[in-house]
Structures are given as C-alpha cells and as structure tokens.
Amino acid sequence: MPLSRDEVRHVAMLARLGLEPGDEEFYAEQLSGILAHIDRLQQLNTESIPPTAQVVEVANTLRDDVPRPGLSQADALANAPAAVNGFFRVPSIQEEA
Amino acid sequence: MSDLTELTIKEAGRLLRLQSISAGELVAAHVERIERIDRRVRAFLRFTPELWEKQADEADARIRRGDTAPLVGIPMAVKDVLCVRGVETTAGSQILSGFRPPYTGTAVSRLFAAGAVMLGVTNCDEFAMGSSTENSGYHPTHNPWDLARVPGGSSGGSAAAVAAGEAMIALGTDTGGSIRQPAALTGVVGMKPTYGRVSRYGLIAFASSLDQIGPFARSVEDAAIVLEAMAGHDPLDATSSDRPNDVSRDLDAGVKGMRLGVPREYYDVEGIEPGVKAAVDKAVKSLSDAGAEIVDVTLPHTDYGLAAYYIIAPAECSSNLARFDGVKYGMSSGDAQNITEAYQRTRRKGFGTEVRRRVMLGTYALSSGYYDAYYLKAQKVRTLIKRDFDAAFENCDAIISATSPTVAFPLGSRTQNPLSMYLCDVLTLGGNLAGLPGISVPCGMSEGLPVGLQVLAPQWREGVALRVARAYEQASGVKAEVAPVG
Amino acid sequence: MASPWEVVIGMEVHVQPRTRSKMFCGCAIGQLGDAPNSNVCEICLGLPGVLPVINKAAVEACLKTALALHCEIPRHTKFDRKNYMYPDLPKGYQISQYDLPMSVNGYLELDGRQVRIRRVHLEEDTGKLIHAGDKLHKAHESFVDLNRAGVPLMEIVSEPDLRSADEARDYAVALRTLLRTIGASEAEMEKGQLRAEPNISIRRVGSTELGVKTELKNINSFRALHRAILYEVARQTEVLESGGRVEQETRGWSEAEQRTFSQRSKEFAEDYRYFPEPDLPPLELDAAWIDELRRALPELPGARRARLVAQYGLPAADAVLIAADRELADLFEAAAAAGAEAKPAANWIIGDVAPAGKIPTPEHLADLVKLVTSGSITRDQGREVLMESVETGRSPSDIVREHGFAQVSDESALQAEVQAVMAANPRAVEDYRAGKKQAMQSLMAELRKRSPQANPKVASELLIRLLG
C-alpha cells in the first residue's frame with residue numbers, strides 16, 4: 001500500500017529526521033516502491049507460525065553484579081560536540097506549559 | 001619486494017619465522033603498495049601509522065622470542081564499523097565524523113593480541129547499508145579488477161584492499177551478504193560466521209539480530225585462521241555463544257562422501273547471469289569430481305526472503321541509529337531553537353539517502369498500526385525461512401550456490417533504483433535470517449570479472465563450510481589472485 | 001455531606017533495586033552529588049558498538065519483589081526496546097519489558113485488604129537534565145548528566161484499586177516496608193530510589209466506568225504524594241463541576257507552589273515502537289531458581305504483624321508500627337526473648353527507639369525495660385540511660401550503678417526529704433489539710449525537684465500519711 005504525505009511526515013517526526021524540500025515526495029515514492037515488493041509477505045498464511053526474534057538459542061546470559069571502572073569524565077565528554085562544566089549541552093527542551 | 005603483498009598468512013608466516021623478512025618490512029611493502037594504487041582503488045578511509053609501527057615492532061619482538069602464532073606480524077585492514085580505541089571510526093557516515101572511540105571492540109582486540117598489525121580503516125556503505133560501497137558518506141571504492149566497477153558492499157573497502165594486495169587480511173561485517181558479496185565481486189575469500197560465533201562488541205550496529213563480523217583473506221585456510229582467532233564467547237556480548245571454538249576442525253578432510261545440496265531456487269534465481277551460472281556449474285562439477293554427492297534441495301520461501309529482510313533489518317536499524325543525535329558524539333548541526341529541531345537537522349544532514357530511506361522504512365514498520373502487518377509478519381516469515389534451511393540440511397551437509405547473481409556492475413548503475421541494489425543480496429541474506437555460517441570462494445571469471453561460489457552450512461558448522469570451500473580450492477586450482485590494478 | 005465523587009487511583013512505582021552496578025554495564029551506582037558524567041562507561045553512554053548484559057542481582061531483586069507481592073512468574077520473559085529520542089536517554093531507546101514482563105497478577109496487603117498488582121518488571125533509568133534559566137526566562141539550553149542512565153529500576157504497577165490520597169500514601173509506605181524487609185531496595189524516596197507516580201481520576205459515586213485520568217510526576221516524598229493527590233482530586237472535581245473536561249495528560253507536582261501543572265504537550269503523540277531487544281537473549285526462569293528465591297524470603301510485614309499480635313499480645317496499632325520496620329521488629333522479638341515484658345518493650349521501641357533512630361542491643365533494651373518496670377529507676381531516668389547505653393554500648397544496669405541513678409524507695413531514707421518539703425511549703429500543707437486535694441501535686445513537684453531519685457509511688461504514699 002502506498003504511503004501518503006501525511007504518513008511520511010508522521011514517520012519522519014517519529015524518526016526525528018528533518019524534511020527538506022522534495023523529501024516528502026521522494027520518500028513517498030521510494031518507500032511505496034519498496035513496500036509494493038514487501039507486500040508479497042501478505043500472501044503467506046503465518047497464523048500458526050511463531051515469530052523469530054533471535055535466530056540462535058542462547059538464554060540466561062546474566063552478568064554478576066560486580067562494578068568495573070568506567071570512563072573518566074574527560075573521556076566521557078571527549079567526543080561531545082558541546083560540553084560545559086562536565087555536562088553535555090543541548091538546546092532548550094520545551095516542556096512545561 | 002612487491003611480491004610480499006601477494007602472500008598468504010601461511011607463506012608470510014614462514015618467511016617471518018625464518019626471519020627472512022621482518023614484520024616491519026612486510027608492513028612497509030603493503031604501505032608502499034597502498035601508496036602506489038589506493039589513489040585509484042580508494043579502499044581505505046584512514047591509515048593508522050602509529051598503530052602499525054608499534055604493532056610491527058611488537059610482532060618482531062615476539063618472533064625473536066620464538067613466538068609461532070600464525071597472525072604475528074600479519075598486515076590487516078579493518079572496516080570502518082569496528083571501534084578501535086583512539087582511531088577515528090565513522091561507520092562510513094558523516095554523522096560520526098571525528099568520533100574516536102574510547103575502547104576497542106572484542107574481535108579487533110583479539111586479533112591485536114594474536115599479533116595482527118593494523119594498517120588502516122576501510123571504506124564501506126554508510127552504516128553497512130548497501131551492496132556497492134557507493135553509499136559511503138566519504139567516497140566510493142573501486143573494484144581492483146575494473147576500476148569503473150563497484151567492489152560490492154557493504155564491506156567493499158576491505159574486500160578491495162585484500163583483492164588489490166593492500167592488506168593480507170581484512171575484517172568485514174555481514175548483515176545480508178556484506179562480506180560474501182564483495183568477496184565474490186573482488187575475487188577473494190570472505191566468510192560470515194554463525195550468528196553468535198564472533199562477539200559483536202565494538203561493531204557499530206546496523207541490524208543487531210543479523211550482524212556478524214568475519215574475515216576476508218586470499219585463501220580458505222587464512223580465513224579459518226583469522227576466524228578462529230576472533231571466535232568464542234565474550235562476556236560483553238550476551239548473544240555470543242560459549243560453544244567450543246572448533247571452526248578449523250577437519251579443514252583438510254576433503255568432500256569425499258559429503259552430500260552437497262544445490263537449491264533450485266538459488267540455481268535459477270531471477271537475474272542470474274549466464275557467465276556466473278557457467279562458473280558455478282563448473283565448480284559443482286569439480287566438487288563432484290572430488291567425491292562429493294550433489295543433491296537437489298529446495299528452499300521454498302526464497303522469494304519472500306528479501307521482503308522479510310527489508311522489514312527486519314530497517315526496523316532494527318531505525319532503533320540502533322536513534323543514538324546518533326548530535327549530543328554525545330559526532331556531528332551536530334549547530335544552533336537550533338529546541339532539541340527536536342536540533343535532532344531533525346543533525347540527522348537530516350548527517351545521514352545519507354540510503355540510511356534515511358531505511359530509517360524511515362523501519363520506523364514505519366514498527367509504528368502503531370503497522371507492527372503486526374510488517375514487523376511481526378516478517379519475523380514469522382523468518383521462521384519459515386529458517387525451517388526451509390533446517391529441512392534442506394536434513395538432506396545435505398552443506399548448500400552450494402553462486403554468491404551473487406551477477407559480477408561486479410558499473411559504478412552508478414544501480415544507485416537510482418534501491419530495489420535493484422537490494423537484489424544483489426538475494427542469495428546471501430537467507431544465511432543471515434537463519435543465522436548460518438557462509439563462505440564465498442573465488443570460482444573463476446566471467447567477462448574478465450571474478451565469480452564467487454557460496455557454501456552455506458548448518459549453524460555452528462563453520463568447519464563444514466570451510467572444509468567444502470577448501471576442498472574446492474584444492475580440487476579446482478582456482479586461487480584468489482591479487483588484482484594487477486592497471 | 002458525602003462527596004458525590006469517587007476517587008480512583010492506580011500507582012506506578014519505580015524502585016531502584018539494591019545492586020552494586022548498573023542494569024546492563026559494570027558502572028558503579030553513584031551517589032547524589034557526584035560530579036556529572038563521572039559514573040559512566042561506553043555502555044551506559046550509548047556509544048556506537050556497545051551491547052548490554054543483564055545484571056543478575058537486579059533480576060533477583062525483581063523476582064524477590066514479585067514473589068513478596070504474590071505475583072505469578074512466567075517461565076519465559078524478555079526485554080524490549082521502548083523507542084523515543086530524548087537527551088536523557090543515551091541510546092534513543094530505553095531497555096524495558098513490554099508484553100512478557102517478569103511477573104504479573106499479584107497483590108499487596110493494605111490494612112487487611114488486597115491492592116492488586118498488575119505487573120512488576122525491570123528496566124533502566126534515564127539520565128538527568130538540568131535546565132538553564134527559570135520560568136520567566138525560557139531556558140535556551142539544558143545540560144545532561146548521564147550518571148543515572150542505566151541504573152536498574154523495577155516498575156511496580158497496581159490496578160486502580162486505591163480510593164483516596166490516604167490509601168495511596170499508605171500503599172507507598174507499605175510497599176517501601178516490604179521492599180526493605182526483603183532487602184530488594186533501600187527504597188529511600190529522597191534519594192530517588194522510590195518514585196511514585198499516581199494515576200488519578202474521579203467518577204460519580206456508583207458509576208463503574210473510569211473517568212479520564214491524569215498521571216502525576218516529580219513526587220519525592222510521601223507527604224508530597226498525599227498533597228499532590230489531594231490537589232489533583234480537588235482540581236479535577238472543580239473542572240468537572242464547572243462543566244469542563246479533564247484532559248488525559250501527565251502533570252508535574254511543584255513542591256514550591258504546592259500545585260500540579262500540565263507537563264507534556266499533547267501536540268505530538270509519541271509512539272514507542274516497542275520490539276524485542278535483539279541484543280539480549282530471553283530469560284528462561286527456571287522453577288528451581290524461583291523456589292530458591294522464595295525460600296530465602298524473610299517473613300513479610302503482613303504476616304509478622306499478625307504474629308506479633310497473636311504471639312505477644314501486642315495491640316494491633318503497636319504491631320503495625322513495629323512490623324513496618326524490620327529492624328525494629330527484630331529488636332522487639334529479640335528483647336522479648338531476652339526477658340523483656342512485651343507491651344513495655346513495644347512502648348519503648350515506638351516511643352523512644354524509633355524517634356531517636358538509634359538501635360540498642362536487644363539485651364540492653366530488655367535490661368532497661370526490667371529496670372523501669374521493677375521501679376528501680378524512673379521513666380525519665382530510663383530515657384537518659386537508654387541514650388547513654390546506645391552512645392557508649394554499655395549496659396543500662398552498669399550505667400545506673402555508676403551514676404547512682406537507682407531510685408530511692410526506702411521510706412526511712414525518704415522521710416527527711418518529705419518533711420523538709422512540708423516545712424518549706426506551709427501554705428500548701430494547710431490547703432491540703434483544708435480539703436484542697438490538688439495541693440498534693442505541687443508538693444510532689446517540689447519533692448521531685450529536691451530529690452529526683454525518689455521513687456514517686458513510695459514518696460507520695462509517705463506524703464499522704466504525714467499530711468493526714
């Protein structure tokens with residue numbers, strides 16, 4: 001089923017991808033094309049088939065509760081585009097109404 | 001001494017241990033070759049002279065102490081998705097430009113400990129999404145056999161480096177065929193292990209339930225040596241297995257008495273080139289002559305594999321790539337009014353077209369109202385595909401086919417149509433969906449370009465895949481050769 | 001007149017289990033006041049290439065909690081990714097549990113009634129955001145500290161079974177008691193180890209449909225929980241009675257202004273796109289493991305409360321207070337075993353030990369109870385002796401002996417003192433003899449001043465005799 005422009009805008013917002021002029025048409029067309037191929041999955045009756053999330057059987061891999069040294073504050077912030085006084089800095093987060 | 005760049009691990013190891021050459025000299029020969037040809041091949045994104053100098057010195061010291069471990073002093077290239085402490089690692093993406101990890105991933109650490117010498121970081125499709133290395137956020141890589149053609153992808157830089165004699169071995173990652181397909185297109189050996197065989201710790205994730213790290217080499221034996229050094233349980237990866245590391249067992253046992261399955265859906269796959277088919281036919285004949293029994297098998301859900309893959313992989317990638325937000329590392333788009341706008345700008349600018357396409361697709365497939373129709377459905381089809389392989393392996397020890405339906409294609413020829421690019425992986429992605437080990441070995445040329453033979457084995461039977469590939473290599477006399485690079 | 005509105009409250013409580021390291025990495029659990037971004041590693045920072053590995057102690061704490069809440073524990077559980085991008089969430093998703101939580105369908109006993117528990121699951125905490133600027137000057141930037149990111153959290157979700165602010169507070173207190181009793185968490189609200197988020201709605205009495213609910217956040221004390229609910233119920237009542245509609249939303253509690261405020265804008269509805277966490281294999285909860293955890297659970301507060309009443313004859317009110325604190329309950333039972341009379345021991349614990357927050361040894365408490373009940377020292381002296389005993393670790397008997405605190409109960413020794421008080425207060429003596437019996441009290445007060453060690457009972461008998 002083809003993707004509408006509204007859906008493109010909604011999905012782009014969920015993914016926090018900015019849209020530039022032409023992007024909406026581009027995604028709508030490209031994703032619709034791929035989905036047209038993917039829609040063949042609907043031909044298969046999978047009612048009684050369990051889903052596979054992980055392909056090899058490994059279970060119960062737990063870690064003992066033992067602390068190990070982490071990074072220094074300087075190393076933690078070394079790759080940050082903006083760091084101030086030991087914090088990562090980000091633009092304002094509008095929250096309270 | 002340009003012939004030093006054409007050696008296998010075995011051959012180089014002999015010279016190193018006899019101290020006919022030093023690790024420093026071996027590295028220097030590769031660096032010289034890189035300087036001569038990489039301008040045209042463009043396999044590398046970055047070089048690591050401080051590492052190769054230190055590691056070559058250490059290797060020479062180990063050799064002088066009588067250390068006979070096979071990887072000591074062996075020059076290696078590393079795909080740009082594997083974190084190495086202090087070395088800029090970008091997953092082929094502008095969004096990570098300048099990122100220097102404060103840690104080294106497990107597979108690379110193990111190879112360093114085994115004595116390998118890192119030459120540099122190789123190019124790849126951005127976040128390993130692609131089949132031609134044209135989606136790199138930096139530049140394309142060229143096929144050493146024909147510079148106007150792609151090397152395959154996503155691990156195209158690593159494949160090209162080994163094919164061009166710029167590195168003796170290289171590491172790649174394979175999510176839908178990203179090691180095997182470029183290995184086939186550049187005429188080298190490339191192996192994807194069983195999911196869980198090699199720790200993914202330090203691998204910048206594309207699709208977590210499909211990704212595996214594996215080797216490129218110029219012989220099956222070399223691939224086995226590198227894989228064995230990386231494999232085994234890692235407490236930092238909960239999905240890594242603690243099964244015995246037996247990948248090299250029975251390497252030289254031959255194929256006499258083995259049953260090798262040829263799936264008809266793979267043999268006659270849509271778009272397979274006659275030259276590829278002919279080379280594979282010849283390879284099958286040669287294995288049969290070596291004593292293998294060739295049987296027909298069927299993988300009935302093959303036609304649905306691509307569709308399932310292009311839901312599961314993008315869905316996981318849409319989540320895995322959410323961390324690239326311009327806050328903790330990498331690119332940030334600068335002054336935005338608020339955090340949402342900052343995210344949108346950074347990610348629109350930092351991600352390339354293919355990555356954005358897949359993030360959109362995956363986000364859509366997981367979103368409310370579509371989860372059952374797409375994501376859950378794809379997971380169920382994944383079960384069917386796995387069952388196909390289980391059933392096929394009841395009738396054979398390993399499955400053989402072409403690795404890629406085509407030889408290397410011209411640069412730019414598939415970039416406009418994503419589906420045509422996705423079809424490159426139609427013979428390889430089933431192995432990822434089912435978690436199987438698979439190897440691609442060179443099986444001759446078509447139109448002057450390399451063709452690869454794929455061997456798939458049941459989970460945890462890397463030994464079987466390597467053994468069949470090795471038997472083919474010996475029976476056919478077809479060897480991975482270093483491309484001349486005109 | 002009874003209110004026409006019924007209050008319906010469900011509670012979501014986040015509890016930090018007692019662990020040494022984070023949920024999915026080996027970083028130590030930091031303290032409030034640590035330097036920002038100093039308890040972090042590549043894993044909890046969400047650097048490219050890292051993977052989570054589950055902390056076994058967190059799983060065990062969650063299972064113990066689930067068992068103590070009488071939950072069903074399925075054989076098979078798994079983790080999922082909850083996807084949303086926010087600067088305090090380093091990976092862009094939170095590892096949590098969606099459709100197969102670690103436990104379901106339990107209850108917490110509250111004053112003999114069952115509050116149903118829907119589920120208890122494990123997840124990871126987010127980091128902390130600090131906003132520059134204030135309400136008047138809109139913040140242009142915020143600052144991110146990821147020390148808390150990846151700290152384990154249990155989420156305990158109740159059904160909407162609570163009917164008042166009092167009940168909601170009592171539920172949270174009872175939950176804290178339970179968590180401390182089983183050692184699953186220190187559950188200190190001030191340290192953010194226990195965070196309660198009530199869902200509140202109101203409906204007409206008699207209605208069976210649920211009203212539109214609001215969810216309250218940033219509550220960091222039991223008092224705030226109580227007040228925030230009272231405020232919110234009043235607000236919703238006012239909205240509905242003035243013909244308005246309650247918006248389904250998340251509201252914050254402002255401690256400074258003592259009011260709730262709308263917190264999350266509704267313009268963009270988030271869609272969390274949950275899917276199974278591919279980096280973590282599922283957990284198969286083996287029955288033997290669960291049994292082992294069950295056997296290791298201590299007696300739970302509800303059961304202990306009942307036993308304190310039955311076994312020691314304590315009044316129910318005392319039993320509630322003592323059973324609510326494992327340390328106090330242990331002290332009580334050990335002191336009783338060391339020979340202390342039950343009711344006085346309970347009085348000492350509730351009246352003196354608990355408020356002081358310093359715990360004597362059971363033997364010392366038993367010693368003290370005996371000294372006071374036998375009349376050897378006064379209650380006031382007993383308090384002093386208790387304090388000194390806790391400070392120095394010496395036994396009350398030793399302290400009494402050393403200070404000569406022992407009460408004087410010998411009439412011959414007291415006679416001179418009583419006569420001296422009478423001589424010094426002729427007016428009071430006259431008043432008493434003239435029939436004003438209350439004059440007795442001022443004479444006794446004078447006596448206590450002059451001779452604090454006098455046994456009050458013996459002294460007053462003597463005084464009455466001499467006055468008569």
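Trainee: How many residues do chain C and chain B bring to their contact?
Mentor: 25 from chain C and 35 from chain B. Contact here means C-beta atoms, placed from the backbone, within 7 Å. The model is predicted: local features need pLDDT of at least 70, side-chain atom pairs count only at pLDDT 80 or more, and totals for chains, interfaces and linings use all residues. Residues are numbered from 1 along each chain as its sequence is written, with chains lettered from A and ligands numbered from 1 in the order in which they are written.

Trainee: In what order do the 8 strands of the open sheet in chain C run?
Mentor: S6-S7-S10-S1-S11-S12-S13-S14, with mixed pairing. Strands are DSSP runs of E, at least two residues, numbered from the N terminus.

Trainee: Why do S6 and S14 of chain C stand at the edges?
Mentor: Strand S6 (103–110) and strand S14 (259–262) of chain C each have a single partner strand, so one side of each lacks a neighbour in the sheet.

Trainee: How do you know that S12 and S13 of chain C pair?
Mentor: Pairing needs at least two bridges found by DSSP. S12 (residues 214–217) and S13 (residues 249–254) of chain C have 4, in the parallel sense. So they meet the definition. In S13(C), C:Glu249 is the bridge partner of C:Thr214.

Trainee: Which helix gives the most to the side of chain B that touches chain A?
Mentor: The contact takes 56 residues from chain B and 43 from chain A. H13(B) gives the most to chain B's side, 10 residues.

Key:
Contact = placed C-beta atoms within 7 Å.
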